[in-house]
Amino acid sequence: MTNLKGFSRRGVLKGGLAGILATGVSPLIFSKGAYAQEFCNAPTGDTVTLGFVMPLTGAYADEGADQQRAFLLAVEHLNGEGDGGMIPTFSSKTLTGGGILGKKVVYVTGDDQTKPDAGRDTARRMIERDGAVMISGASSSGVAIAEQALCQEKGIIYMAGLTHSNDTTGKDKKRFGFRHFFNAYQSGIALGPILGDAYGKDRVAYHLTADYTWGWTQEESMIAATEALGWKTLPPVRTPVNAGDFSQYLTPVLNSGADVLVLNHYGFDGVNSITQAMQFGMRDKQVNGKDFQIVLPLVSDLMAKGAGEAIRGVYGTANWDWQLGDEASKAFTKSFGAKYGQPPSQIAQTSYAQVLLYADACERAGTFLPSAVIKALEDYEFDGLGNGPTTYRGSDHQCFKEVYAVKGKDAPANPFDLLEVVATASKESVTYDPAIFGGELGPDTAAAC
Amino acid sequence: MTLFALSRRDLAVFAVFAVVVLAMPFWLQPLGAAYPALMQKFVISAIFAIGFNILFGLTGYLSFGHAAFLGVGSYTAVWSFKLLTMDAIPAIFFAVLVSGLFALVIGYLSLRRSGIYFSILTLAFAQMCYNLAYSVLTPITNGETSLQLTLSDPRLIDTALAPRPAGLPSASLFGHSFSGLEGFYFCAVVLLIAFFVTQKIFASPFGMMLRAIKSNQTRMTYTGFNTRPYTLTAFVISGMFAGLAGALFAITDPLAGTERMQWTASGEVVLMTILGGVGTLIGPVIGAWFIEYFENIFSAFNESVVHAFFSFLPAEIADPVALVASKFVGEGWQLTLGLLFVLVVVFLPGGIMEGVRRIGSLFGRRGTPVSPGAARAQPAE
C-alpha cells in the first residue's frame with residue numbers, strides 16, 4: 001500500500017503545484033479581462049440579454065405559463081414586432097420599437113420550480129453564463145425575495161414579477177429590486193370595507209395560510225384589516241405550499257365556531273383549497289346564525305378558471321383585470337388575445353409592465369448602468385400601463401397605483417368572464433409610510449459580478 | 001509518513017482526478033457549463049455523492065435520508081455567517097460538527113435494523129427533519145422562504161474587526177471575499193481533500209471491514225466482530241461529508257432553503273451513486289456531474305432552442321420532431337433522466353463505471369481477466 005516506486009512525495013507536490021498553477025491560476029488571469037467592464041454584464045454587441053425566471057412547474061405553474069407569454073410579447077413589442085401593445089398608451093414616449101438603446105432585445109428563460117433555491121440557481125446561470133443585464137420574473141414572494149437578494153449581490157436590476165408579500169419591498173427590500181405588483185397590506189385596505197359591507201361587523205374568521213413569507217404577511221394584513229372592522233380571528237393554521245390535498249386542514253373549520261374562512265393561498269393551492277371547501281359544502285352551511293363565507297384575498301383569472309363554480313361570489317383583490325375600461329388595458333388585452341387566443345391575467349400585465357418600465361428607464365438614463373437605471377426608476381411617475389397614474393416610490397421601490405377589489409362573477413357571460421371589479425381603492429388610499437415595514441435598500445453598487 | 005501515502009494506482013487516479021477537476025473551466029467550455037455557479041455545484045455534489053458512497057458503496061446500507069445532513073450543514077453554515085463571521089472555515093467546522101452529531105443520533109437509531117427497514121427509518125428521520133425545518137422551526141430556518149443574510153445580522157467577529165460594509169457581504173477566506181471562480185477553486189480543493197480521504201478509507205483495514213459487512217454481515221458476527229461500531233462510524237463519516245457539502249453550498253451562495261432537505265434531494269444522491277457506479281471511487285462523482293449537467297443545462301433548453309437545433313431538417317419534418325423533442329428538455333428534463341437511468345440500470349448494472357470498464361476491456365492492453373465489477377457480485381447478496 002505504501003509502495004511509492006517512482007513517485008516521491010516531493011515530486012508529486014511539485015507536479016501538483018505546477019498543475020494548480022497551470023490550471024488554477026491562469027483562468028483567473030484570462031477572466032480578469034472579461035470581468036473588467038464598467039458594470040456587470042454590460043451589453044457590448046448589438047443585442048441586450050434579459051433573463052426571465054418563471055415557475056413553469058410547481059404550485060404556481062399556471063401563473064408562470066402566463067408570465068412567459070407576457071414576457072415574450074413584451075420583447076416582441078420592444079423590438080418593433082406586433083402591434084406594440086401598451087407602448088403607444090405608455091406615458092413615456094422613449095420606446096420606439098428599436099429595442100433598448102438601439103440594441104435588439106434577446107432573452108433567456110428558465111424554470112424556478114416555485115422554489116427559492118431553484119429560482120436563485122436559474123437566475124445565477126443567467127447572470128454568470130448568459131450575460132443577462134436584467135432579471136425579471138417569479139410568481140412566489142419566497143422566490144422573488146431570494147432572487148432579489150442575489151441581484152443585489154451581483155449588481156443586476158431585478159424587476160419582480162408577481163410577488164404580493166409585504167416583505168419584498170418591506171423588510172427584505174433591495175436597491176436593485178423593483179416591484180410593480182401591489183402587496184398584501186394594500187389588499188387589506190382595499191378589501192376591508194367591502195367585507196364589512198357584505199358580511200357585517202360581527203364575524204369570526206379562520207385563516208388557512210400558505211407557510212412562507214407571502215402567506216405570513218397576507219395573514220397579518222388581513223387580520224389587521226378585518227379586526228379593524230370588529231371581526232374576531234381564530235388562531236391561524238399554516239399549510240405547506242403545493243400541499244395538493246387540503247381536506248385535513250378544512251375538516252376542523254366548520255366545528256371551530258368560525259363563520260368566515262380566509263384562504264391565504266395562491267395558484268393551484270388556492271384552486272384546490274377553495275374547490276375542496278366547496279365540496280365540503282361550506283358555503284351552504286350556517287354558522288352563528290349567518291351564512292358561512294369564504295374569502296380569497298389574492299385572486300387571479302387563472303385561479304378563477306381553475307376553481308370554476310367554487311369562485312362565484314367570492315371576494316378578493318387583484319392588481320389588474322382585463323375587463324378594465326381604460327385604453328391601455330384594452331390595447332394590451334387586444335394584443336395578447338390576438339397572439340395567444342385568451343385574455344391576459346394579472347401576472348401577465350405586471351410582468352409586461354415591468355419589462356417596459358425597465359426598457360424605458362434605460363432609455364431615459366441613456367445607459368444600462370444599473371445605478372443610473374435605478375435613479376431613473378426611483379420616484380418615477382407614469383401612466384398608461386393599465387393601472388392609471390402610478391408612482392415608483394424611491395424609498396422602498398414599491399409602485400403605488402389603484403388596487404381593485406374583485407368578486408367571482410355569479411353568471412359568467414363567456415369562459416373568460418370570471419371576475420368583476422366591485423370597487424377601486426384609490427392610489428392615495430393605499431399609500432402608506434414605508435417606515436412601518438422597516439428594512440434597508442442598501443447601496444446601488446455591487447462588489448461582485 | 002504513511003498517513004499521506006497512497007498506493008501507486010491510487011496516486012495516479014488522484015493526479016488525474018485533480019487535473020480533471022481543476023481544469024473544469026476549460027473542458028466544460030464547449031459543453032456550455034463553464035460558469036461558476038454550475039461548476040461549484042459540480043464539485044459540491046461530487047463531495048455529497050462520494051460521502052454517500054462511503055456508506056452505501058462500502059457497507060451496502062442504503063440511506064434514503066442523506067439530504068437531511070446536507071440541509072443541517074447549510075443551515076449551520078448560514079447561521080455561522082449571520083452570528084459570527086463570513087469566513088468559510090468556521091462555517092465548515094460547525095456544519096461538519098453539527099451534521100456529524102445529527103448523523104450520530106439518527107445512525108444510532110436507524111442502524112438497529114438493516115436492509116429495507118434501515119432505508120425506511122432514515123427516510124422517516126429525514127422527513128421529520130424536513131418538516132421541522134419547514135414549519136416547526138421557522139424562527140431558525142425561515143421555512144419555505146429560506147434563510148438568508150440580512151444587513152442587520154450581528155456577525156460578531158466581523159464587526160469587531162472591521163466596520164460594517166455597505167450592502168450584503170459574501171463568504172470569505174481570511175478576509176478575502178470569494179468571486180465566482182475563486183469560490184469554485186475553493187470548493188475544488190475541498191473536493192480533492194475529500195477524495196483523498198475517501199481513497200484512504202477505501203484502502204484502509206477499516207474500509208476492508210466495511211466491505212466485509214456488505215458481503216456477509218452474519219458471517220462477520222459469527223467470527224466475533226461487533227459490526228455496529230463500524231457501520232455507525234461509516235454513517236457518521238458519510239453524514240459529515242453531506243454536512244460539508246451543505247456548508248459549501250452556503251459558502252458559494254449564502255441561502256439555505258428547505259427543499260435542500262426534501263426526500264427528492266435524498267433520492268437524487270442515490271441516483272447519482274447508482275448511475276455512476278456504486279462502490280467505485282470515481283463513479284459517484286461522474287454520476288453527480290451527469291445529473292447536475294442535465295438538471296442545469298437540459299432544463300434550460302426551451303422550444304426555440306430545440307427548433308434551432310432541428311432547423312437543418314425540412315420544416316414539415318422538423319416541426320413534429322422538435323415538438324416531440326421539446327417534451328424531453330426544459331421542464332421535461334426529468335423524463336430524459338428517467339429514461340437514461342432505466343437504460344443504465346438494465347444494461348449497465350454497475351453504472352457508468354461498468355460501461356467504462358467494458359469499453360476498456362474491449363481495447364484492453366493487458367486484457368484484465370476478471371473485471372472488478374464481477375468480483376463485487378457476492379453470492380451472499
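I'll start with one pair: R260(B) and D117(A) meet through their side chains in a salt bridge, 3.1 Å from N to O. This is a predicted model. That pair belongs to the interface of chain A and chain B, where the rule finds 3 salt bridges. Between the two chains there are also 10 residue pairs in polar contact, both residues at pLDDT 80 or more.

Which parts of chain A supply the side that touches chain B? Helix 1 (9–35), strand 2 (104–111), helix 3 (116–128), helix 4 and helix 6 (213–229) each give at least two residues. Helix 1 of chain A has the largest share, at 11 residues. By type, that side of chain A splits into 21 nonpolar, 12 polar and 15 charged residues.

In total, 48 residues of chain A contact 47 residues of chain B. The two chains bury about 4200 Å² between them, and carbon and sulfur atoms carry 59% of that.

Now, inside chain A. Domain 1 of chain A puts 27 residues into the contact and domain 2 of chain A puts in 23.

On the domain 1 side, helix 2 of chain A gives the most, 4 residues. That side of domain 1 of chain A comprises 12 nonpolar, 11 polar and 4 charged residues.

Terms used:
Residues are numbered from 1 along each chain as its sequence is written. Chains are lettered from A and ligands numbered from 1 in the order in which they are written. This is a predicted model: local features need pLDDT of at least 70, side-chain atom pairs count only at pLDDT 80 or more; totals for chains, interfaces and linings use all residues. Side-chain values use heavy atoms; hydrogens and water are left out. Contact means heavy atoms within 4.5 Å. Ala, Val, Leu, Ile, Met, Phe, Trp, Tyr, Cys and Pro count as nonpolar, Asp, Glu, Lys and Arg as charged, and the others, Gly among them, as polar. Buried area is the accessible area (1.4 Å probe) that two parts lose on being put together, summed over both. A salt bridge is a side-chain nitrogen of Lys or Arg within 4 Å of a carboxyl oxygen of Asp or Glu. A polar contact is a pair of N or O atoms within 3.5 Å; within protein, one must be able to donate a hydrogen and the other to accept it, and residues adjacent in sequence count only if both atoms are side-chain atoms.
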